[in-house]
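Let's take a friendly walk through a protein together. Have the sequence and the 3D view ready, and follow along one stop at a time.

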Amino acid sequence: MIELLAALSASAAAGIRIALPLLFIGLLQGGNLWSQVPILSHISSPVLLGILTSWSFFELFASKKLIGQRVLQIIQLLFSPLVGAIMGVAVASATATPSWLIALIGGMLALVLQLVQIGWFFRLRGLPLWATCVQDTLCIALVFFAFDAPRQGGLIALIMLWFAVGSGKYWYRCYKRHSQRRKG
């Protein structure tokens, strides 16, 4: 059960940013870097380190501007399910649960969280600077929680999922009110 909570925590981090959690998971592995991470273990460590570092910096700085947020959303929407699946399987490698199930759950959680970010982006017409700073901090914290405190990280991921469901209900009510105003 602890491994599943760790996988949820890591996958939630991938639902916020893509390269940043992959970079931190590799650095937390120590000298092995990404040798235990599926798919990434087949790529040369120095090359992967360079790519993830540069992409992480791009994510951190582009997320602070409106045009950067739009570019990141497209890329993150496409790749968050894959990165969420990779992160979930990499963290929960010692569980009896089948890897495909962990990958599916992790990928879906990352996708849902990414969709919620996009929804709030359009609802607010851009995410404020404080929100992007909170996202960056939460992303890093979730990766650390996945390794050091999986219960707390999994709980945070489940709270984020609860927030996502609440956001969907809120948007539906707004849509319904707006459509009723158009009719009347």
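**A walk from the inside to the surface**

Let's begin with Arg17, which sits in the loop between helix H1 (2-16) and helix H2 (19-28). Keep in mind as you look that this is a predicted model. Is Arg17 buried or exposed? Its relative accessible area is 2%, and because buried means under 20%, Arg17 counts as buried.

Which side chains does the side chain of Arg17 contact? One partner is Ser63, whose side chain is joined to that of Arg17 by a polar contact of 3.4 Å. Another is Gln135: here the polar contact between the two side chains is 3.2 Å.

Next, find helix H3 (residues 45-62), where Phe58 has its place. Phe58 has a relative accessible area of 34%, so this residue is partly exposed. Now look from Phe58 to Ala19: the two are 39 residues apart in sequence, and their C-alpha atoms are 9.3 Å apart in space.

Our last stop is on the surface. There you can find a patch of positive charge, where Arg123, Arg125, Lys169, Arg173, Arg177 and Arg181 gather. Which helix gives the largest share of this positive patch? That is helix H7 (residues 150-183), which supplies four residues.

Arg177 counts as partly exposed because its relative accessibility is 41%, which lies between the 20% limit for buried and the 50% limit for exposed. Compare that with where we started: Arg17, at 2%, is buried.

Methods
Residues are numbered from 1 along each chain as its sequence is written. This is a predicted model: local features need pLDDT of at least 70, side-chain atom pairs count only at pLDDT 80 or more; totals for chains, interfaces and linings use all residues. Side-chain values use heavy atoms; hydrogens and water are left out. Patches are made of residues with over 30% relative accessible area and no salt bridge: like charges are joined within 9 Å, nonpolar side chains (Val, Leu, Ile, Met, Phe, Trp, Tyr) within 5 Å. Accessible areas come from the Shrake-Rupley method with a 1.4 Å probe; for residues, only the protein chains shown count as cover. A salt bridge is a side-chain nitrogen of Lys or Arg within 4 Å of a carboxyl oxygen of Asp or Glu. Lys and Arg count as positive and Asp and Glu as negative; His and the chain ends are not counted. The place of a charge is taken as NZ of Lys, CZ of Arg, CG of Asp or CD of Glu. Helices (H or I, at least four residues) and strands (E, at least two) are DSSP runs, numbered from the N terminus. Buried means under 20% relative accessible area, exposed over 50%, partly exposed in between (1.4 Å probe, protein chains only). A polar contact is a pair of N or O atoms within 3.5 Å; within protein, one must be able to donate a hydrogen and the other to accept it, and residues adjacent in sequence count only if both atoms are side-chain atoms.
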